[in-house]
Amino acid sequence: MSDLPDAPTSRRALAQSISTVERGGPAADRLVEGALDALRAVSDAPLVVGVTGAPGTGKSSLVARLADVARARGRRVAILAVDPSSDESGGALLGDRIRIDERPDDDGRFVRSLATRGSGRALAQAAAGVSLLLEAAGYSLVFVETVGAGQADLGIARLADVVLVVEGPEGGDEVQAMKAGLLEVADLLVVNKGDRPGADAAVQRFRSGLAIGGAAIPVLLASAHAPSGIDAVLDALEQIGATRTAAGRTRRVAAHLVAGAEGVLAQRLAAAERDGSLDRLAAQIERGNAPLADAASRLVDGRL
Ligand SMILES: Nc1nc2c(ncn2[C@@H]2O[C@H](COP(=O)(O)OP(=O)(O)O)[C@@H](O)[C@H]2O)c(=O)[nH]1
Ligand SMILES: [Mg+2]
């Protein structure tokens, strides 16, 4: 990680830039472009780890321990927590938990929860731009934690180099994970709470379940509380990441681009609705004066 920028952007400046990227729009694009400019000279790609799994399995706790070990290994670590529930809670719940883990005295550790409240932007896509900023700010290991609740997580898989799925030792979790499609995007599965009864058995169940499914996903046991197994998890993440970080930056740019495109589309539709052109087009179609086949493309292109 030698040639990542080592003059760290001040946290305050970074936090402000992240807020701008969260909001999206031209200012966000300029910041992401600036990050890409800075990164062009950097050949060492950081490792972006997506962390997902059902709420309560210990993702945040495990990431905090992984960050400790990575810091001890000399990596600068950023933790980005994506929480869709921040819509209702105003981010307070997650924010409280995240704040506990902040180390104001450690400049090599940056923690941030990502709220896309009110902006209507997809969480995973805001996270793409933000992870590029973190990359440019010299963080060589970026964790993006999501609540294991569906689509947002699959989106995270697109921008991460490695996807870690965290499970608890409780029976039945594996079925849920399979159902949620999480295991389809997983590169590594960790059964956390190894200090609790049943954890070894859960590891075995996952291993045999995955073998039946034909997936070659490693399953590791860890405990964020003990802590134990943390070094091995980080080793596995680095190992898997080493094989695939090359295209990671491009994928993150692609995800940011998709976010932009969705924004443009949403604006066009809203404008067409506001100025009545949507209704006029609909009325033309209704009367047989315009083909329906072409109408959706016209709407998207703004050819109204
Ligand atoms: N016994 C035990 N409890 C844990 C462990 N890791 C996390 N927890 C607890 O599980 C709960 C959920 O943890 P959290 O990290 O917030 O899970 P998340 O929702 O997946 O991010 C908290 O009460 C943690 O203290 C562990 O290794 N062992
Ligand atoms: Mg959490």
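A: **Helix packing and the ligand site**

Helix α1 (residues 11-23) and helix α2 (residues 26-40) cross at roughly 125°, and their axes come within 7 Å. That makes α1 oblique to α2 (under 35 degrees counts as roughly parallel, over 145 as roughly antiparallel, 65 to 115 as roughly perpendicular, the rest as oblique). The model is predicted: local features need pLDDT of at least 70, side-chain atom pairs count only at pLDDT 80 or more, and totals for chains, interfaces and linings use all residues. Residues are numbered from 1 along each chain as its sequence is written, chains are lettered from A and ligands numbered from 1 in the order in which they are written, and side-chain values use heavy atoms, with hydrogens and water left out.

Helices are DSSP runs of H or I with at least four residues, strands are runs of E with at least two, and both are numbered from the N terminus. Axes are lines fitted to C-alpha atoms, for helices over the stretch in contact, and angles run from 0 to 180 degrees between N-to-C directions.

Back to the α1 and α2 pair. The crossing is left-handed (the near helix is turned anticlockwise from the far one by less than a right angle). From α1, Ser17, Thr20 and Val21 make the contact. From α2, the partners are Ala27, Ala28, Leu31 and Val32 (contact means heavy atoms within 4.5 Å). By class, this contact has 5 nonpolar residues, 2 polar and no charged (Ala, Val, Leu, Ile, Met, Phe, Trp, Tyr, Cys and Pro count as nonpolar, Asp, Glu, Lys and Arg as charged, the others, Gly among them, as polar).

Helix α2 also packs with helix α12 (residues 248-274). Their angle is about 170°, with the axes 12 Å apart. The two are therefore roughly antiparallel. Asp29, Val32, Leu36 and Leu39 of α2 meet Arg249, Val253 and His256 of α12. That contact holds 4 nonpolar, 1 polar and 2 charged residues.

Next, helix α3 (residues 59-72) and helix α11 (residues 230-242). Their axes come within 9 Å and cross at roughly 80°. That makes α3 roughly perpendicular to α11. On α3, the contact uses Leu62, Arg65, Leu66, Val69 and Ala70. On α11, it uses Ile230, Asp231, Val233, Leu234 and Leu237. Here 8 residues are nonpolar, none polar and 2 charged.

Now the ligand. Ligand 1 has 17 residues around it (a heavy atom within 4 Å). Gly56, Lys59, Ser61, Asp195 and Ala224 come nearest. Oxygen atoms of ligand 1 make polar contacts (N or O pairs within 3.5 Å). A polar side-chain atom of Ser60 lies 2.9 Å from one oxygen. A side-chain N or O atom of Lys193 is 3.2 Å from an oxygen. A polar backbone atom of Ala224 is 2.8 Å from an oxygen.

Two backbone details remain. Most residues other than glycine have a negative phi, and most peptide bonds are trans. Lys193 has a positive phi of about 65°. Lys193 sits in the loop between β6 (188-191) and α10 (199-213). A cis peptide bond joins Ala226 and Pro227, with omega about -20°. Pro227 lies in the loop between β7 (219-221) and α11.

Note on methods. Polar contact = N/O pair within 3.5 Å; in protein donor to acceptor, adjacent residues only side chain to side chain.
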